[in-house]
Every structure is written in structure tokens, then in C-alpha cells.
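Welcome! Here is a short tour for someone meeting this structure for the first time. Keep the 3D view open as you read.

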Amino acid sequence: PPASQNNEQGSTLRDLLTTTAGKLRLGSTDAGIAFAPVYSTGTASGKSGRTMPNILDDIIASVVENKIPPNRAPKINVKSEIKDDPKDDKNCIQDDCSKRYSDIQYSWICDKHVLWLRDHKNSNNWKLFKECWKQGRPVLVSGMHKKMNFSLWKAESISLDFGNQQADILNCKDSIISNTNVKEFWDGFEDVSKRQKIKNGETALLKLKDWPSGEDFKAMMPARYEDLLKSLPLPEYCSPEGKLNLASHLPGFFVRPDLGPRLCSAYGVAATKDHDIGTTNLHIEVSDVVNILVYVGIAKGNGVLSKSGVLKKLEEEDLDDLLRKRLKDSSELPGALWHIYAGKDADKIREFLQKIAKEQGLEVLPEHDPIRDQSWYVNKKLRQRLFEEYGVKTCTVIQFLGDAIILPAGALHQV
């Protein structure tokens with residue numbers, strides 16, 4: 001029986017479901033729940049008759065799979081319930097897509113792990129995206145900057161409008177955070193001589209940490225907020241109003257993840273001596289992420305790699321042939337280097353990083369999680385070891401101006 005016959009609002013999920021099922025049995029029309037009543041057809045003594053469910057699994061199983069015989073307690077076996085769909089097979093999809101989606105401009109990159117949608121304007125992109133997305137693969141959409149008001153996103157424009165604002169600025173080299181005027185950050189964005197220096201006289205690698213974010217973004221930068229929203233790729237999934245953006249439509253009593261938007265701004269490593277550091281260390285997001293590169297600044301000053309030097313540095317990466325071809329296209333402007341890993345490899349990566357920490361004489365506490373703590377940028381040497389020792393391959397993506405990178409929740413990445 002229900003935990004509380006008279007309590008309209010159960011205190012647990014079990015109470016809620018059983019109480020709601022009771023309402024439905026009694027013929028209530030305002031139960032307010034989207035599934036039909038669930039009962040077993042026999043009693044403990046074996047007599048026939050409809051009784052209230054007493055196992056949460058019964059309820060969920062019956063909702064999920066209405067073909068379960070009602071005369072026995074169902075057992076859900078995930079492996080047997082979810083049959084292998086030939087359409088979901090990696091090779092099958094890639095072989096079949098050229099026929100089924102001949103009207104969409106796309107390519108596969110990163111050893112066919114990442115879908116690249118080359119025409120952001122194609123209204124059918126979401127159909128191919130859906131096939132890729134249900135496999136938990138990253139997607140890249142190029143050309144988003146062509147839909148945007150480019151002048152809004154220039155470093156000098158943001159500095160002019162918001163230079164007097166205070167924000168947290170992270171020094172990526174030593175992870176020290178300071179609160180200062182954002183003008184100081186933007187002044188050094190393309191002029192290295194105006195950047196902060198660290199103790200040994202080296203130029204600091206700074207990041208403006210998630211400023212502004214969420215509702216602050218909308219209130220502080222309404223014109224930029226609207227420009228961003230109208231330019232989102234795959235609006236069915238990425239727009240706050242998108243019919244397939246499930247997180248946006250969660251009822252108010254859920255604690256939603258921070259869906260942003262967030263402005264993520266950082267200096268490049270081109271002006272630093274150490275190119276083995278990143279502006280975003282290896283981590284996981286709890287929700288799906290769409291990251292659009294809206295502006296790329298060209299740093300000038302002493303010690304900065306030339307454009308050809310930057311390209312040479314990028315060519316040393318383990319790149320897909322199509323990405324190498326983009327690098328040679330003078331109309332393309334590379335701005336960020338991503339390393340992406342599948343969520344299924346998280347435990348192997350965690351174990352690897354803890355092993356490296358011990359090798360380096362660092363203390364590894366039981367509660368320490370190198371991924372959650374965002375304490376590592378996995379450099380080229382370590383990426384090679386990760387592959388050789390654990391079989392985990394890195395997916396390397398160069399993000400060019402206007403590229404949107406869409407990552408499923410749980411995918412590990414660093415930038």
C-alpha cells in the first residue's frame with residue numbers, strides 16, 4: 001500500500017509514484033502524471049485481483065516497457081532490453097549517411113569520431129546530428145560567425161563597454177585568481193607589452209573566468225545575448241526554446257545545471273615560453289555544451305610566435321587530414337586547440353593521472369580526483385603515454401573562428 005494514504009504529496013519518489021497510482025486507480029482526473037496506472041494482477045496469497053504496486057522497479061519497468069507480462073515481477077536487463085540497432089553501428093551510419101543525407105554538407109574527422117557539419121544554414125542538419133548524438137559523439141559546425149554581428153565581439157569593443165567591471169582573472173600557469181578590472185585583461189589581449197608579468201619576467205597566461213555568466217550575461221550584454229541566441233547552431237537542440245533541449249524544459253522544482261551562456265576569454269599560449277599549458281584543464285561538464293569561437297585576436301609584441309610559427313606548432317599535433325587542409329586555407333583563422341576524450345575512458349584517465357602524480361612525487365589523497373579538480377593539462381608526451389599504456393586515444397580538434405563545438409555531457413576535454 002502507499003506509504004501514506006492521506007498524504008497528497010509523497011516525501012520520496014516511491015511515495016509519489018504509489019500515491020499517484022492510487023489516485024489513478026480511484027479515477028481521479030487530476031493526478032498530473034504522464035503514465036497510466038500500474039498494478040500487479042495477483043496478491044501475495046495468489047488470489048486474483050488488482051493491488052497497489054509495492055516495488056518501485058515494477059512501476060518503472062512497466063512504464064519503460066509495456067510489453068512486460070503483468071503476472072510476474074519484471075526484471076530489467078539493460079543489455080537484453082536495448083537491442084543492437086544496425087542503424088546505430090558506427091560503420092553502418094557512415095556508409096549509409098551519404099545516401100540518406102545527400103542534401104547535407106558534412107565530413108567525418110578525428111578517425112570518424114567527430115561529425116563536421118560544414119553548412120550552418122542547412123535546416124536539415126539536425127537530422128544527421130541526431131544520428132550522431134545518440135552515440136554520444138562530439139559535433140563541429142563551422143561558419144557560425146557569418147550569422148553574427150562581428151563588431152560586438154571584438155576585444156576592443158568589449159573593453160570599451162565593460163572595462164570598468166570587476167571580475168576574477170585566472171593565471172593559468174600557477175592557478176592564482178585575482179579580482180581586477182576587466183580592462184586590464186582586454187588591454188593585453190592583443191598587445192603583449194600590456195600583459196602582466198610573473199616573477200621571472202615571463203608573460204602571464206590569463207583567463208577571464210566565466211565572465212559574465214547566465215542571467216548576468218543577459219542583463220549586462222543584452223545585444224550580445226540576442227546576437228548569440230539567434231546564431232546558435234542546431235536550434236532544435238541548442239536554443240533555450242529548442243524542442244529537444246530537455247534541460248531548458250525541466251520543471252521548476254528540479255535543480256537545473258547552469259546552462260549559461262558564459263563568455264570564456266583567454267590569452268593564447270603563443271606569447272608564452274611554455275606551450276605545454278592550457279587555458280582550460282582537463283574536466284567534465286554535467287550538461288551538454290556548445291562552444292562558439294566568436295573572436296580570435298592576433299597577439300603582437302616581443303616573444304610572440306608569428307602566424308607561420310603558430311601554424312607550425314599546430315601541425316605538430318596528431319591532426320586529421322581535413323584539419324591540416326583547413327590550416328592551409330588562408331581564409332580560415334585557427335584560435336583554439338581541443339583535446340577530447342569519450343566519457344567511457346574517464347576511469348582509465350583518472351588512474352593514469354594518479355599514476356603520473358605519484359611518479360612526480362605529488363601526494364595523491366584518497367578524495368583527490370584529478371578530473372573533478374581540473375588540476376591537469378595533459379601535454380603531448382603524456383597523451384602519447386596514455387595511448388601506449390591504457391589504449392586511450394586523444395581526439396584532437398582545431399577550432400577556427402566561427403566554429404561551434406558541441407560536446408555531450410560526460411565527454412572529457414581540455415583547451
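Two residues are in contact when they have heavy atoms within 4.5 Å of each other. With that in hand, take Cys264: leaving aside its neighbours within four places in sequence, Cys264 is in contact with Leu208 and Asp210. This is a predicted model, in which local features need pLDDT of at least 70, side-chain atom pairs count only at pLDDT 80 or more, and totals for chains, interfaces and linings use all residues. Residues are numbered from 1 along each chain as its sequence is written, and side-chain values use heavy atoms, with hydrogens and water left out.

**The whole chain**

- The protein chain has 14 helices and 15 strands; helices (H or I, at least four residues) and strands (E, at least two) are DSSP runs, numbered from the N terminus.
- Of its 415 residues, 43% count as buried. Buried means under 20% relative accessible area, exposed means over 50%, and partly exposed lies in between (1.4 Å probe, protein chains only).
- Among contacts between residues at least 6 apart in sequence, 67% join residues at least 24 apart.
- The chain exposes about 23400 Å², and carbon and sulfur atoms supply 51% of that area. Accessible areas come from the Shrake-Rupley method with a 1.4 Å probe, and for residues only the protein chains shown count as cover.

- Helix α13 (residues 346–359) packs against helix α14 (residues 380–390) at an angle of about 120 degrees, with the axes 11 Å apart. Axes here are lines fitted to C-alpha atoms, for helices over the stretch in contact, and angles run from 0 to 180 degrees between N-to-C directions.
- On the α13 side, the contact is made by Lys348, Ile349, Glu351, Phe352, Lys355, Ile356 and Glu359, and on the α14 side by Leu382, Arg385, Leu386, Glu389 and Tyr390.
- What kinds of residues make up the contact of α13 with α14? They divide into six nonpolar, no polar and six charged. In this count, Ala, Val, Leu, Ile, Met, Phe, Trp, Tyr, Cys and Pro are nonpolar, Asp, Glu, Lys and Arg are charged, and the others, Gly among them, are polar.

**Helices with buried residues**

- Helix α5 (residues 125–133) is mostly covered, with seven of its nine residues buried. Those buried residues are Asn125, Trp126, Leu128, Phe129, Glu131, Cys132 and Trp133.
- In helix α11 (residues 307–315), the buried residues are Gly309, Leu311 and Leu314. Their cover includes α12 (321–327), β12 (334–341) and β13 (395–400).

**Residues in loops**

- Ser231 sits in the loop between α9 (222–230) and α10 (235–238). Is Ser231 buried or exposed? Ser231 counts as buried because its relative accessibility is 0%.
- The side chain of Ser231 reaches the backbone oxygen of Asp227 at 2.7 Å. Beyond its neighbours within four places in sequence, Ser231 is in contact with Met144, Lys147, Met148 and Ile292.
- Ala271 belongs to the loop between β9 (265–266) and β10 (283–284), and at 11% relative accessibility Ala271 counts as buried.
- Leaving aside neighbours within four places in sequence, Ala271 is in contact with Val192, Arg195, Thr203, Gly303 and Val304. Ala271 and Gly301 are 30 residues apart in sequence and 8.3 Å apart in space, C-alpha to C-alpha.
- From C-alpha to C-alpha, Cys264 and Thr279 are 9.9 Å apart in space, and they are 15 residues apart in sequence.

**Backbone details to look for**

- Most residues other than glycine have a negative phi, and most peptide bonds are trans.
- The peptide bond from Trp211 to Pro212 is cis, with omega near -20 degrees; Pro212 lies in the loop between β8 (206–208) and α8 (214–220).
- The peptide bond from Gly260 to Pro261 is also cis, with omega near 5 degrees, and Pro261 lies in the loop between α10 and β9.
- Cys110, in the loop between β3 (106–109) and β4 (114–117), has a positive phi near 55 degrees and counts as buried at 12% relative accessibility.
- Lys112 is in the loop between β3 and β4, with a positive phi near 65 degrees. Lys112 is partly exposed, with a relative accessible area of 44%.

Conventions: A polar contact is a pair of N or O atoms within 3.5 Å; within protein, one must be able to donate a hydrogen and the other to accept it, and residues adjacent in sequence count only if both atoms are side-chain atoms.
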